[in-house]
Amino acid sequence: MNIAIIGAGAGIGLESVILALKKGHIVTALSTNTDQIPNHPNLIKINGSATSLIDLKNAITGSDAVLITVGTKKKKATTLFSDIANTLVKITDDLKFSSPVLVITGFGAGESKNYLSFFMRTVISLFLKDQYINKTIMEEIITKSTMKWEIIRPGMLTNGNAQSTYKAISVLQKGMKVGKVSRADVAQFLITEVENPVRLYQYVALTN
C-alpha cells in the first residue's frame with residue numbers, strides 16, 4: 001500500500017511511519033520537520049505544512065490511505081485542526097479522492113467530552129480547552145464531507161512500547177473508562193485499520 005502520513009515528524013505520526021515501513025508499505029511523510037524520520041527506500045519525505053494546498057495535495061495524491069496525525073504544542077487559540085480539515089476537504093473534493101482518511105483527534109472532542117473522567121475533564125479544561133474546541137470543529141468538517149472518514153480519539157498518550165492490548169471502542173456509553181494509551185499502540189491501530197478498514201464512518205476511542 002501507499003500510505004500518506006500527515007504530521008509524520010513526531011509522536012503518533014512518526015510511530016506510524018516506522019511501523020508502516022516495517023510492514024512493507026510505501027510511505028509519503030509530510031511534516032514541517034522531517035529530520036527525525038529515518039531514511040528508507042520506501043519513504044518519500046515532504047517538508048511542508050498540512051494547511052498548504054500544494055503540500056497536502058502532493059502528499060495524498062495517489063495514496064491508498066491517509067493518516068492525519070498532526071499535533072501542536074500551542075495551547076491557546078489554535079485553529080490548526082480546523083485549518084487542516086478545510087484544506088483536506090478542498091483537496092479531496094478536487095481529486096475526487098475515495099481512499100480512507102483516518103483522522104486523530106482525542107477523547108474529549110465532540111460528544112466524547114460528556115464521557116470524560118473527572119481527571120481528564122479537569123486537565124482539558126485547564127490546559128487544552130482551545131485545542132479540543134478546535135478538534136471538535138475539525139471532526140465536524142471532516143464528517144460532513146464526502147470523505148471516506150474515520151475519527152480516532154485516543155485517551156491520554158504515553159511513550160510506552162506497543163502492547164497490542166489496547167481497546168478500540170466505537171460506542172459512547174455511560175461509565176466507560178478511557179485512560180492512557182501509548183502512541184505506539186495508536187500507530188498499530190492505524191496501520192492495522194488501513195490494511196483492513198472495518199470501522200469507517202465511526203468515532204473510535206482508544207485506551208489500554
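1. Aspartate 185 counts as buried, at 1% relative accessibility (buried means under 20% relative accessible area, exposed over 50%, partly exposed in between, with a 1.4 Å probe and protein chains only). Aspartate 185 is found in helix α5; helices (H or I, at least four residues) and strands (E, at least two) are DSSP runs numbered from the N terminus. Leaving aside neighbours within four places in sequence, aspartate 185 is in contact with Asn161, Ala162, Gln163, Ser164, Tyr166 and Asn208, where contact means heavy atoms within 4.5 Å.

2. A word on the basis of these values. This is a predicted model, in which local features need pLDDT of at least 70 and side-chain atom pairs count only at pLDDT 80 or more, while totals for chains, interfaces and linings use all residues. Residues are numbered from 1 along each chain as its sequence is written, and side-chain values use heavy atoms, with hydrogens and water left out.

3. Now to the rings. There are three aromatic pairs in the structure; rings of Phe, Tyr and Trp (its six-membered ring) pair if their centres lie within 6.5 Å, with planes under 30 degrees apart counted as stacked, over 60 as edge-to-face and the rest as tilted. Tryptophan 149 and tyrosine 201 are edge-to-face, because their planes stand at 90°, with the ring centres 5.6 Å apart. This pair links distant parts of the chain, 52 residues apart: tryptophan 149 sits in strand β6 (residues 148-154) and tyrosine 201 in the loop between α5 (183-195) and β10 (203-207). Tryptophan 149 is buried at 8% relative accessibility, whereas tyrosine 201 is partly exposed at 47%.

4. Tyrosine 166 and phenylalanine 189 also pair edge-to-face, at 6.3 Å centre to centre and 85° between the planes. Tyrosine 166 lies in the loop between β7 (156-158) and β8 (167-169) and phenylalanine 189 in helix α5, so the pair ties together parts 23 residues apart in sequence. Both tyrosine 166 and phenylalanine 189 are buried.

5. Finally, a helix pair. The axes of α2 (residues 53-60) and α3 (residues 80-95) come within 10 Å and cross at roughly 55°; axes are lines fitted to C-alpha atoms, for helices over the stretch in contact, and angles run from 0 to 180 degrees between N-to-C directions. α2 and α3 are therefore oblique to each other (under 35 degrees counts as roughly parallel, over 145 as roughly antiparallel, 65 to 115 as roughly perpendicular and the rest as oblique). Residues of α2 that meet α3 include Leu53 and Ile60.
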